[in-house]
Amino acid sequence: MWALLLVLLVFLSKPACCVFQTLYCTFSDSCDCDFRPNVRELEWDLYKNVYGQHLAQDIISEEVSKFLQNKSPEKPLVLSFHGSTGTGKTLVSSMLGNHLYGSAMSSPYVHRFIPTLHFPSAGEVERYREQLKDWVQGNLTQCARSVFIFDEMEKMQPGLIDVLEPFLGPSHVVFRTNYRKAIYVFISTAGEEVVNKAALEQRQAGHDREEITSSDLQDAIAQAVYDNNSSGLFRSSVIRQNLITAFVPFLPLTRHHVERCARSQLCQRGACQRGDVVRAVGDDMAYAPMPGHYFSTSGCKNVPAKINLFL
């Protein structure tokens, strides 16, 4: 009797669909149960912990929000990150996984590929193409909301990524799976010269970097990456068929941004008050095009090592 009353109370206090979903997820490991997107938390994480990247913050927030609001998207969300080392590309890709799934980046539905690890041999491209196609199709069959992250695309064998073309367009439901609900992220330093040139010209003209708009760079990045024979997207049909939703520029970082990175990491270690270390890290970084000025050649990548040196 008490059990019956408890069940009735639950049904009266919550919509029936929520109750059934909760009960279902208690016994199931379905990806629908782990898929718990929180766009607001993603936006907060981007704006709080990614420095000097107003374009990436705005584009990613807008595109992810728009994509998730559409219950029946016409095509997958395909984002291509471009910029120098240490500007936050890999960090942001992890933020996506962290705020899309309850188990964050450890979710079995978030897949990260690194060319030197997963596709190391130039002579095995055809085998890799078949393996990648089978892997993606198998995981999409298991979970339509899968996330695929391809890091270090500048080291990817040209032609390999084109095997994904059928999955990136407005495909129909195949084998009971809606491939259009997936998210793909390509990460590359290819195209950095276009992004860095825009930031440098803006600075030399005395304008704020925040005045740079994504429309200023989209076509230029796409063309630079398409023409770059050291890029995994060299002469790629993925670009030719306009299957990339947005090219996301990551601007080079100034000393101010590097010191913000250092201060953030010091605070994580309980040493927020160490302004001397922050300044020492800023002094010790390499900058270009002039020593001590403009942009850090390694972004924030070497900040942890520098902190260890000066603490």
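This is a predicted model: local features need pLDDT of at least 70, side-chain atom pairs count only at pLDDT 80 or more; totals for chains, interfaces and linings use all residues.

Visitor: Good. So which residues does Leu 132 touch, leaving out those up to four places away in sequence?

Guide: Phe 113, Phe 119, Phe 150, Leu 160, Ile 161, Val 163 and Leu 164.

Visitor: And which residues touch the most other members of the largest nonpolar core?

Guide: Leu 132 again, along with Phe 150, Ile 161, Leu 164, Tyr 184 and Phe 186. That core has 44 residues. Two or more residues each come from α8 (125-142), β3 (147-150), α9 (165-168), β4 (183-188), α10 (192-204), α11 (218-227) and α12 (237-240). Apart from that core lies another, with 30 residues, including Cys 31, Leu 46, Phe 67 and Val 185.

Visitor: Switching topics: how many helices and strands are there in the protein chain?

Guide: 15 helices and seven strands. Of its 311 residues, 49% count as buried.

Visitor: What span should α6 have, and how far apart are its end C-alpha atoms?

Guide: At 1.5 Å a residue, residues 89-100 should span 16 Å, and the end C-alpha atoms are 17 Å apart, which agrees.

Visitor: Last one: what's the accessible surface of the protein chain?

Guide: About 15700 Å², with 54% belonging to carbon and sulfur atoms.

Notes: Residues are numbered from 1 along each chain as its sequence is written. Side-chain values use heavy atoms; hydrogens and water are left out. Helices (H or I, at least four residues) and strands (E, at least two) are DSSP runs, numbered from the N terminus. The expected span of a helix is 1.5 Å times one less than its number of residues. Buried means under 20% relative accessible area, exposed over 50%, partly exposed in between (1.4 Å probe, protein chains only). Accessible areas come from the Shrake-Rupley method with a 1.4 Å probe; for residues, only the protein chains shown count as cover. A nonpolar core is a set of buried Ala, Val, Leu, Ile, Met, Phe, Trp, Tyr and Cys residues joined through side-chain atoms within 4.5 Å. Contact means heavy atoms within 4.5 Å.
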